[in-house]
Amino acid sequence: QVHLVESGGGLVQPGDSLRLSCAASGSIHGFISMGWHRQAPGKERELVALTAARGFTNYTDSVKGRFIISRIRANNTIYLQMNSLEPDDTAVYYCHAHLMTTTWGTRQHFWGPGTQVTVSS
């Protein structure tokens with residue numbers, strides 16, 4: 001099984017920065033995509049940022065130009081650099097991984113437990 005460990009959340013003021021990290025470990029035999037989703041109180045969960053094959057990245061419009069997702073292939077770790085944080089960024093951020101878990105091509109989805117990001121003055 002694959003285990004995702006998240007870190008980096010916290011309480012910051014508007015305009016501050018945070019960096020989230022997510023490390024995947026376990027039976028990983030191939031990378032498909034990893035990313036970050038978030039869910040704010042009373043709102044639907046949304047994709048924030050995704051990185052996939054060949055360095056492909058995708059961001060929701062509200063974070064473009066402020067957030068950067070990156071991946072360290074050697075240890076199956078992704079980072080989300082969040083700059084110019086706004087109150088609307090307040091949410092629980094969940095790491096997601098879509099990975100090959102067997103040598104014969106099994107594909108599975110995994111979720112981290114979530115880390116709280118609060119942006120408030």
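User: Which strands form a hairpin with four residues between them?
Analyst: β7 and β8 form the hairpin, and Asn76 in its turn has a positive phi of about 50°. The model is predicted: local features need pLDDT of at least 70 and side-chain atom pairs count only at pLDDT 80 or more, while totals for chains, interfaces and linings use all residues. Residues are numbered from 1 along each chain as its sequence is written, and side-chain values use heavy atoms, with hydrogens and water left out. Strands are DSSP runs of E, at least two residues, numbered from the N terminus.

User: How do you know that β7 and β8 are paired?
Analyst: Six bridges join β7 to β8, which run antiparallel. Pairing requires that DSSP finds at least two bridges between two strands, so β7 and β8 qualify. Within this pair, Ile69 stands opposite Leu80 in β8.

User: What joins β3 to β8?
Analyst: Six bridges join β3 (residues 18-26) to β8 (residues 77-82), and the two run antiparallel. Arg19 stands opposite Gln81 in β8.

User: Why are β1 and β7 said to stand at the edges?
Analyst: The open sheet of four strands has the order β1-β3-β8-β7, with antiparallel pairing. β1 (2-7) and β7 (67-72) each have a single partner strand, so one side of each lacks a neighbour in the sheet. Neighbouring strands of this sheet are turned by 15° against each other on average, direction ignored (axes are lines fitted to C-alpha atoms).

User: Which residues of β7 lie on its covered face, and which on its uncovered one?
Analyst: Phe67, Ile69 and Arg71 make up the covered face, and Ile68, Ser70 and Ile72 the uncovered one. In a regular strand, side chains alternate between the two faces of the sheet.

User: What makes Arg71 a charge over the ring of Phe31?
Analyst: Arg71 lies over the face of Phe31, at 3.6 Å from the ring centre. The criterion is CZ of Arg, or NZ of Lys, within 6 Å of the centre and within 35 degrees of the ring normal.

User: Why is the link of Cys22 and Cys95 called a disulfide?
Analyst: The sulfur atoms of Cys22 and Cys95 are 2.0 Å apart. A disulfide is a pair of cysteine sulfur atoms within 2.5 Å, so the link counts as one. The structure holds one disulfide. With -85° about the S-S bond, the link is left-handed. Cys22 lies in β3 and Cys95 in β9 (residues 91-100), so the pair ties together parts that are 73 residues apart in sequence.

User: What makes Cys22 count as buried?
Analyst: Its relative accessible area is 0%, and buried means under 20%, exposed over 50% and partly exposed in between, with a 1.4 Å probe and protein chains only. Cys22 is therefore buried; Cys95 is buried too. Not counting residues up to four places away in sequence, Cys22 touches several residues, among them Leu4, Met34, Trp36 and Ile78 (contact means heavy atoms within 4.5 Å).

How values were computed. Axes are lines fitted to C-alpha atoms, for helices over the stretch in contact, and angles run from 0 to 180 degrees between N-to-C directions.
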